[in-house]
Amino acid sequence: MRRVFSRLVGPLIVLALFGVALWLLHRAMTEYRYEDVAAYFRRLPDWQLAAALSATALSYLVATGYDWLALRYIRRPLRWVKVGFAASLAYAFSNSVGMAVLTSGSLRYRLYSSWGLTAVEIAKIVMFTTLTFWLGILAVGGTVLALDPLELGSLPYANLDSRRLGLLMLVLPLAYVLLGAWRRQPLKLGPWELPMIRPRLALSQLAVGALDWLMASLVLYVLMPTAGAVGYGQVVSVFLIAQVVGLLSQIPGGLGVFESLVLLLLRDRLPAADLLGALVAYRVIYYLLPLALAAVLLGLYELRHQRERILWLPRMVGPWAPVLLPHVLALLTLISGAVLLFSAVTPTVEARLVWLEDLLPLSVLEASHFISSLVGMGLLLLARGLQRRLDAAWWLTVGLLAAGVVASLLKGGDYEEALFLAVLLAGLLPSREQFYRRASLFGERFTAGWLATIAVVLICSVWLGFFSYKHIEYSHDLWWAFSFGVEGDAPRFLRAMVGALGLTLYFGIAKLLQPALFEPALPGAADIERARTIAGAFPRSYAHLALLGDKALLFNRSRSAFLMYAVEGRTWVAMGDPVAAGEDDRRELAWGFRELCERHNGWPVFYQVHPAHLGLYVELGLALLKFGEEARVRLPDFSLEGKSRKSMRNTISRLEREGYRFEVVDSAAVPALLPRLRAVSDAWLGEKGSREKRFSLGFFNETYLQGGAVAVVWRASELVAFANLWRGGGEELSVDLMRYPPDSPNGLMDYLFVRIMLWGREQGYQWFNLGMAPLAGLQNRSLAPLWNRFGALVFGRGETFYNFRGLHQYKEKFDPRWEARYLATPGGLALPLVLADLTALIAGGFKGVIGK
């Protein structure tokens with residue numbers, strides 16, 4: 001219950017703040033009508049629009065200085081083209097989506113990590129840019145309030161001395177510069193050491209941050225009524241107050257909060273209708289246009305036939321466009337739905353209605369208006385599906401966008417909306433391959449944040465409709481009024497809202513009637529047999545770990561592929577890549593596993609994944625850590641011939657002279673050997689003084705051993721060693737349990753390995769898998785990531801805990817090919833807990849970690 005409350009409290013606060021903002025807007029606009037706002041918006045002269053666009057471009061250009069200075073601070077300079085591209089994209093999204101640290105931080109991680117920066121360096125960049133951002137607010141706000149104090153009139157805290165407040169705000173930037181001049185030692189924050197910022201760089205921070213805020217406020221200033229009695233300094237003060245409160249509200253882009261505060265602070269100096277019209281223009285120019293340009297930039301990459309014309313874009317966007325594109329298109333789809341709903345509840349341009357009256361029947365116009373509201377609501381709901389890469393969401397969105405284009409033109413000649421929808425449709429069509437998941441739309445989970453966003457759009461639509469037609473006397477007859485004239489707009493608004501709310505209600509009921517959430521459970525006999533069939537045809541042998549029965553199995557819908565996983569604490573760990581023959585099934589299982597984790601508030605982790613599938617885990621939003629290397633011997637090339645194999649030949653000859661012999665026992669004959677196998681296993685465990693491991697390693701289980709062939713070593717009639725065999729679809733051979741008594745002769749394990757490999761070569765297998773060498777292949781270099789340096793240190797000097805280097809050296813004598821294996825995991829503060837849970841999972845619990 002506490003977890004549910006913690007997830008809901010943030011969105012509920014956002015909804016409450018948005019409601020307060022709408023109430024303030026309603027009070028400020030009591031004496032005005034929608035037509036007054038629209039009239040100012042349409043009257044804006046070209047020179048004001050051009051000036052606002054120029055100031056917007058300068059503002060985003062200045063914003064690239066945040067990252068440029070940050071890279072100088074960490075001493076990792078990059079070309080300005082890369083820096084400018086990353087910074088512009090990050091700010092375009094963070095300005096519109098909100099939660100700047102998270103949105104811009106994740107975008108920077110995607111970009112800068114692909115250009116060689118470590119996670120720690122990227123974290124320093126985010127910290128530096130955030131600091132520069134607030135230093136700019138303090139510097140500009142303090143200066144403006146000190147030189148041109150803001151008059152608050154009858155508002156709360158109106159008696160506050162704004163000049164003193166401004167001087168107080170300037171103390172912090174000044175102290176920041178002086179601290180850098182006075183202190184030379186690095187600042188320690190836990191395990192991190194942050195170099196102090198020298199005054200020259202600190203002054204550059206203040207200049208960039210201040211100029212960014214001045215340019216952003218200039219955009220609004222040039223759009224405001226020119227006849228107003230408000231100076232630029234006063235506008236900057238109001239702008240900063242409204243922006244800070246909007247940022248603290250956590251509402252995306254401060255929508256509603258920013259506008260209501262600007263109206264509240266300037267309503268006595270400028271006509272509220274004109275001011276709201278300027279705010280609408282500011283929202284479009286400063287927020288929506290940069291966001292659309294950023295989205296188009298990503299969409300261009302998908303037009304592969306244009307690669308020759310765009311020389312530098314594919315090289316920069318290539319590694320991460322598939323990751324960002326679904327999120328960009330989802331956001332634009334959400335905006336498109338909002339645009340259609342807002343259009344459906346506001347009056348139509350009268351001249352266009354007169355023109356359409358001569359071309360269309362009234363029934364077509366009314367039906368188009370109603371359909372446009374349904375399309376808008378549908379796009380709001382489908383945006384979540386696009387973010388989750390659902391193929392059904394892609395198909396439905398394409399259809400709804402096409403219908404929206406037609407409906408926009410027929411309901412009132414709204415070519416602007418039709419053009420916007422058509423551009424989004426053009427960007428969506430070439431991106432089909434990014435939407436590959438065949439999951440149910442109704443089964444997709446909506447987070448509290450998504451529900452809050454949809455609720456905000458609906459509430460705003462209803463408020464906008466009633467504001468637009470507040471001069472209308474509402475009655476039952478209004479529902480059935482149909483007309484080409486503007487008098488028909490209010491009835492159309494009511495019907496449109498009923499349609500949108502009805503569609504929302506239907507979708508909500510359909511989700512409530514979905515089956516209960518899946519609870520993890522160990523597989524039954526039927527599931528294990530199905531997994532045995534799939535694993536037998538799969539080319540990689542690790543799939544046989546599913547037959548142990550200690551991991552839950554997640555099958556695809558056709559039960560032709562599966563994913564095995566176990567849970568420890570909040571960590572849900574999938575063993576290896578999904579066991580699937582096709583890429584579509586592999587992706588669907590990985591996404592299904594992530595959704596399962598989200599439903600139970602768990603962390604999705606994939607352990608020992610293959611390099612060929614790393615892109616899939618990046619799409620899932622996971623960080624990748626190299627966890628070691630796997631040794632595979634190519635069997636057609638393996639033999640005992642040559643000088644390098646002399647020691648192996650001598651070992652085999654010696655043991656066979658002493659009466660040892662090798663045999664592969666088929667599964668049908670294994671039950672008769674189980675008592676002997678048990679005796680050898682117990683002796684091995686007793687000598688090691690350890691308990692059975694779990695998850696990624698097998699354990700002695702009679703049912704498990706009876707499911708496949710077992711390689712054994714005899715001495716006369718005594719069974720002295722055994723290993724159960726994994727056969728990977730005729731392609732790869734491997735062993736799991738490999739056990740022998742403590743009094744075995746030297747070289748017995750070598751003998752068993754060599755004989756299994758020679759037998760596998762005769763059976764036509766291509767590879768023998770010797771298993772993992774944990775932490776192998778990690779580099780301890782100054783520029784390597786922190787995890788790599790730590791892993792390399794443990795690999796070289798961790799003999800006290802585990803002989804990592806010795807294991808690697810033993811496998812190396814078989815001349816294997818080493819292949820990297822990775823851990824796909826949530827990053828940040830979750831990583832230490834994930835590693836602890838994973839260790840406990842393999843050891844059979846935290847008691848097993850301590851007591852072997």
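**Entry 1: Arg75**

I began with Arg75, which counts as exposed because its relative accessibility is 73%, and exposed means over 50%. A reminder to myself: this is a predicted model. I found Arg75 in the loop between H3 and helix H4 (80-97). Then I looked up its backbone: phi of Arg75 is near 60 degrees, a positive value in a residue other than glycine. I noted this since most residues other than glycine have a negative phi.

**Entry 2: Arg389**

I went on to another arginine with a positive phi. Arg389 has one of about 65 degrees although it is not a glycine. Arg389 is found in the loop between helix H15 (362-387) and helix H16 (391-412). Is Arg389 buried or exposed? I get 1% relative accessibility for Arg389, so it counts as buried. For Arg75 I had 73% and exposed.

**Entry 3: Met224**

Next loop on my list. Met224 has its place between helix H8 (199-223) and helix H9 (232-249). Its relative accessibility is 4%, so I put Met224 down as buried; the cut-off for that is under 20%. I also checked a pair: Met224 and Leu270 are 46 residues apart along the chain, and their C-alpha atoms are separated by 8.9 Å.

**Entry 4: the nonpolar patch**

I looked for nonpolar side chains on the surface. Phe41, Leu53, Val280, Val284, Leu288 and Leu289 form a patch there, and together they have about 430 Å² of accessible area. Which helix gives the largest share of the patch? That is helix H11 (residues 272-302), with four residues. I then picked out Leu53, which lies in helix H3 (residues 46-73). Leu53 has 42% relative accessibility, so it counts as partly exposed. That value falls between the 20% and 50% cut-offs.

**Entry 5: helix H14**

I sorted helix H14 (residues 350-357) by burial. Its buried residues are Arg352, Leu353 and Leu356. They cover an arc of only 100 degrees around the axis, so they sit on the same side of H14. On the face turned away from that buried side I found the exposed residues Glu350, Ala351 and Trp355.

**Entry 6: strand E5**

How many of the five residues of strand E5 (residues 571-575) are buried? Five of the five are, so the strand is largely enclosed by the rest of the structure.

**Entry 7: the partners of E5**

Strand E4 (residues 562-568) pairs with E5 in the antiparallel sense, over four bridges. Tyr565 stands opposite Ala574 in E5. The hairpin of E4 and E5 has two residues between the strands, and Gly569 takes a positive phi there, near 65 degrees.

What about strand E6 (residues 603-609)? Five bridges join it to E5, and the two run parallel. I found Val573 opposite Val605 in E6. To get from E5 to E6 the chain passes through helix H21 (residues 583-599), and I logged this β-α-β crossover as right-handed.

Definitions and conventions
Residues are numbered from 1 along each chain as its sequence is written. This is a predicted model: local features need pLDDT of at least 70, side-chain atom pairs count only at pLDDT 80 or more; totals for chains, interfaces and linings use all residues. Side-chain values use heavy atoms; hydrogens and water are left out. Buried means under 20% relative accessible area, exposed over 50%, partly exposed in between (1.4 Å probe, protein chains only). Two strands pair if DSSP finds at least two bridges between them. A crossover is right-handed if, with the strands pointing away from the viewer, the path from the first strand over the helix to the second runs clockwise. Patches are made of residues with over 30% relative accessible area and no salt bridge: like charges are joined within 9 Å, nonpolar side chains (Val, Leu, Ile, Met, Phe, Trp, Tyr) within 5 Å. Accessible areas come from the Shrake-Rupley method with a 1.4 Å probe; for residues, only the protein chains shown count as cover. A salt bridge is a side-chain nitrogen of Lys or Arg within 4 Å of a carboxyl oxygen of Asp or Glu. The arc is that of the directions from the helix axis to the C-beta atoms.
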